[in-house]
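Please read the following walk through the protein with the sequence and the model open beside you, since the paragraphs move from the domains to the helices, the sheets and a few details of the backbone.

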Amino acid sequence: MRPFASTIPVEEARRRLADAVRPVDRTELLPITEVAGRVAAADVSAQLFVPPFARSLMDGYAVVAADTASASREASVRLEIVERIYTGQPPTQRVSSGRCAEIATGAPLPEGADAVVMVEDTTADGHDAVRVLTAVTPGQHIGRRGADLSPGDVVVRRGDLLNPSRIGALAAVGITEIDVFVRPRVALMSTGNEIIRPGDGLAEGQIYDVNLYTLSAVVSAHGGSAEPHDATPDVIDDLEVALDRCADADIIVWSGGSSVGEKDLILDLVRRRGQMIFHGIAVKPGKPTAFARMGDAAFFGIPGNPASCLSNAYILLVPFLRATARLPLDTPRVVRVPLAKRIVSSAGRHHFYSVRLEHGSAMPAFKGSGDITSMSRADGYIEIPEDQGTVEEGTAVTVTLF
Ligand code: AMP
Ligand code: MG
């Protein structure tokens, strides 16, 4: 055993991680059908007007507004219909005083007209005329050319998250492809002699790999490109070979072997190949987590216990990955509910304690760091500070949902 010299508070770990972020600079050109959730790598400006022509915002009649000045339900104004304009069809007639054109929502406004009377404010007068029952002012119910966007307007800025509305804005100006930042490459690997792939037969002493799959899901959900590697036994030379295979990723996340036992070789690997930024955080679960720089990659050595691994993935990896991907901070949902049962936290460390939401209260769900059900049967976690031993039943707690 090689005991921890010291641990750092979780806030200090987060600060050091934030300082170590290197946002990705590589970009790729993608069709707009494939960029949801990605980040724009360049400003995009409109090259045309949206809408490209003045259009009616209502079904009704395109008129000369002045003609309607005296119109009311009691004293309607009769206008002759010169044509009927549907969408996608250019008008062929000019509208002049005493005349109008029937027009559909989205159809181009005919020349001479400067307002639209809604069909609800008219009554038919035979086939070729209409009676206007209300006055309209110039511009009323008209979408002017360029009302939405004009040439030169910025549609999307470099660094903008491409959410549905921004993808829509790109489509509106006719853009089909956009440069986005690549997803950071995240090399994932489990270490340990006992770890085998789900589906293979279990020999005595072996367990199925959990962490590769939890980490992969977290990485995909937060803008990374997960690159799974075969599990590697606790043999330093094998770990070095595996590290070479992972070396061109932006972020390397390995689980297992990050603690202080004789077979925990991550420390030795960092000593040989990288610079340690921290090792040991005053959190439960997840104390023996290491973070280092390995060449150009950031390296996370996360403990193998599945609950510890996933907890630290949420708390430490997610913010780091999102910043690397240039994504905005994650804003997990929180709910404030009473605690259903007293919790005794003897950790002496900041405890991320998993809970399940049941009947409007938070039921303790944490079993042990080694149990994936500590997480899979929970909906989120509460935080119990280092200096707090117990949380009484009925206390209002803030649950951060996974
Ligand atoms: P370690 O961090 O290597 O000391 O492992 C701590 C505990 O987590 C041990 O019981 C390991 O067998 C278990 N463990 C390590 N890696 C994994 C993994 N990828 N999936 C499931 N359990 C693991
Ligand atoms: Mg191990």
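The centres of domain 2 and domain 4, taken over C-alpha atoms, are separated by 42 Å. The model is a predicted one, in which local features need pLDDT of at least 70 and side-chain atom pairs count only at pLDDT 80 or more, while totals for chains, interfaces and linings use all residues. Residues are numbered from 1 along each chain as its sequence is written, chains are lettered from A and ligands numbered from 1 in the order in which they are written, and side-chain values use heavy atoms, with hydrogens and water left out.

The domain assignment gives domain 1 (10-25 + 183-324), domain 2 (27-50 + 147-181), domain 3 (55-143) and domain 4 (334-401); such bounds come from an automatic or database domain assignment.

Helices and strands are named here as DSSP runs numbered from the N terminus (H or I with at least four residues for helices, E with at least two for strands). Helix 1 (residues 10-20) and helix 6 (residues 306-325) have axes that come within 10 Å and cross at roughly 20°, where axes are lines fitted to C-alpha atoms, for helices over the stretch in contact, and angles run from 0 to 180 degrees between N-to-C directions. Helix 1 is therefore roughly parallel to helix 6 (angles under 35 degrees count as roughly parallel, over 145 as roughly antiparallel, 65 to 115 as roughly perpendicular and the rest as oblique). Where the two helices meet, Val-10, Ala-13, Arg-14, Leu-17 and Ala-20 of helix 1 face Ile-315, Leu-316 and Phe-320 of helix 6, contact meaning heavy atoms within 4.5 Å. The residues of this contact divide into seven nonpolar, no polar and one charged (Ala, Val, Leu, Ile, Met, Phe, Trp, Tyr, Cys and Pro count as nonpolar, Asp, Glu, Lys and Arg as charged, and the others, Gly among them, as polar).

One open sheet has six strands in the order 7-4-6-5-9-8, with mixed pairing, two strands being paired if DSSP finds at least two bridges between them. Strand 7 (115-118) and strand 8 (122-124) stand at its edges with a single partner strand each, so one side of each is left without a neighbour in the sheet. Strand 4 (residues 60-63) runs antiparallel to strand 7 and is joined to it by four bridges, and Tyr-61 has Val-117 in strand 7 as its bridge partner.

Another open sheet, also of mixed pairing, has six strands in the order 16-13-17-21-20-18, with strand 16 (225-228) and strand 18 (275-279) as the edge strands that pair on one side only. Neighbouring strands of this sheet are turned by 20° against each other on average, direction ignored. Helix 6 packs on this sheet, touching strand 13, strand 17 (251-255), strand 20 (290-294) and strand 21 (297-302), and its direction makes about 165° with that of strand 21.

Some backbone details remain. Most residues other than glycine have a negative phi, and most peptide bonds are trans. The peptide bond from Val-50 to Pro-51 is cis, with omega near -5°, and Pro-51 is found in the loop between strand 2 (44-45) and strand 3 (55-56). Arg-326, although not a glycine, has a positive phi of about 70°.
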